[in-house]
Amino acid sequence: MKEIRVFSPATVANVNCGFDVLGFALDGLGDEMVIRKVPEKGIKITKITGAELPYKAKENVVGVAGLAMVEALNLDFGFEIEIHKNIRLGSGVGSSAASAAGIVYGINQFLETPLSNLELTAFGMKGEAVASGNEHADNVAPCLYGGFTLITGYEPLRIVSLPVPEELYVTIIHPHITIKTKEAREILPEQVSLKNAIKQTGNLAGLIAGLYEADYGLIASSTQDVLVEPYRKNLIPDFDFYKQTALKNGGLAFGISGSGPSMFTLSKGLQNAGAVEFALKKALKEKNMKCESYVSPVSKHGNRILEQK
């Protein structure tokens, strides 16, 4: 095998009560990457479509994650990379994570002794740091593992795959506004009350239990955020109006995807997810807000090979 084309999915991180520790993969929406094995060591980016990104490997999420892996393994060969971005930069659905996860997953296919998803996540985090300023795994992990993933620790890195109920769908609404991740972090308080910490912990535990039991009522009641959303929602005009609209039209839970501006709604079944999409698009139009939307099951699969030569 000399060349592969890889698909890397969009992801939703935080999922309200799981700030910085919980994420899940979307189905169908994602980036593609062509990876060619070449005799020259290192990473060379030869083509980029869909976004204005640097070609220098050390300045690109793909290059940084790939180089970290190539150098750590001391490979005696290298790779030429084509990046085809289908996820909007800064949309809040894991654009940089898709790039970071896609390259390490792709390189792994060329190894005689492939690495585990846990090891690949650690390399992918190196690329994420280029985009966000810090290494975090709540988008990279679901890219690689698929489904829901829970980060239970970073030192050492621990990741748990969680089950996905069969009828769990997500509606994504991406309003055409810009939110900088750094700004979204800076508005958060450094300390929280014990009361809210206890409530958030219970919500996260309840959501995890709901996923294992496929208990949609428990998923709905637990996917509440008392620590982050009260601050970050102010970055999205009319957030509460959109939230009420989603929940009134069949949504189980509504929240900010990552640091935004995309918002997600969890629903039971495709019909409810579609009704939420229709209602939200109408609501945003009422507020003169342009947007894009997407409906998908919560994917049980992460990165995958589309073609190999």
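In the predicted model, strands E2 and E4 pair in the antiparallel sense over seven bridges. Strands of a sheet pair through backbone hydrogen bonds, either parallel or antiparallel. Of the seven residues of E4, six are buried, so this strand is largely enclosed by the rest of the structure.

The nonpolar interior was examined next. In soluble globular proteins, nonpolar side chains tend to be buried together. The largest nonpolar core of the model has 34 residues, and those with the most contacts inside it are Ile35, Phe79, Ile81 and Ile103. Two or more residues are given to this core by each of strand E1 (3-13), strand E2 (22-38), strand E3 (42-49), helix H1 (61-73), strand E4 (78-84), H2, H3 and helix H4 (140-145). The largest share, seven residues, comes from H2. The surroundings of Ile35 were then listed, leaving aside its neighbours within four places in sequence: its contacts include Ile4, Val6, Phe79, Ile81, Ile103, Ile107 and Phe110, together with Lys2 and Glu80. A second, separate core has 29 residues, among them Leu162, Val170, Ile219 and Val298.

Helices H2 and H3 form a contact of their own. The axes of H2 (residues 95-108) and H3 (residues 117-132) come within 8 Å and cross at roughly 145°. This crossing of H2 and H3 is right-handed. On the side of H2, the contact involves Ser96, Ala97, Ala100, Val104, Tyr105 and Asn108, which meet Leu120, Phe123, Gly124, Gly127, Glu128 and Ala131 in H3. The residues of this contact divide into seven nonpolar, four polar and one charged.

Another part of the model contains an open sheet of four strands, with the order E8-E9-E7-E10 and antiparallel pairing. Strand E8 (251-256) and strand E10 (291-297) are the edge strands, each pairing on one side only. From one strand to the next, the twist averages 15°. Within the sheet, strand E7 (residues 168-175) and strand E9 (residues 263-268) pair in the antiparallel sense over six bridges. Val170 stands opposite Leu266 in E9, and Val170 is also included in the second core described above. Helix H9 (residues 239-248) touches E8 and E9, and its direction makes about 160° with that of E8. Helix H10 (residues 270-286) touches E7, E8, E9 and E10, and its direction makes about 15° with that of E7.

Finally, the setting of Asn303 was considered. This residue lies in the loop between E10 and strand E11 (304-308). Asn303 has a relative accessibility of 9% and therefore counts as buried, since buried means under 20% relative accessible area. When its neighbours within four places in sequence are left aside, Asn303 is in contact with Val6, Phe7, Ser8, Pro9, Ala101, Gly102, Tyr105, Cys143 and Leu144. One of these residues, Tyr105, also takes part in the contact of H2 with H3. Val6 and Gly102, likewise in contact with Asn303, are also in contact with Ile35. The C-alpha atom of Asn303 is separated by 16 Å from that of Ala122, a residue 181 residues apart from Asn303 along the chain.

Key. Residues numbered from 1 in each chain as written. Predicted model: local features only at pLDDT ≥ 70, side-chain atom pairs only at ≥ 80, totals over all residues. Heavy atoms only, no water. Axes fitted to C-alpha atoms, helices over the stretch in contact; angles between N-to-C directions. Left-handed = near helix turned anticlockwise from the far one by under 90°. Contact = heavy atoms within 4.5 Å. Nonpolar A, V, L, I, M, F, W, Y, C, P; charged D, E, K, R; others polar. Core = buried A, V, L, I, M, F, W, Y, C linked by side-chain atoms within 4.5 Å. Buried < 20%, exposed > 50% of the residue type's maximum accessible area, 1.4 Å probe, protein only. Pairing = 2+ DSSP bridges.
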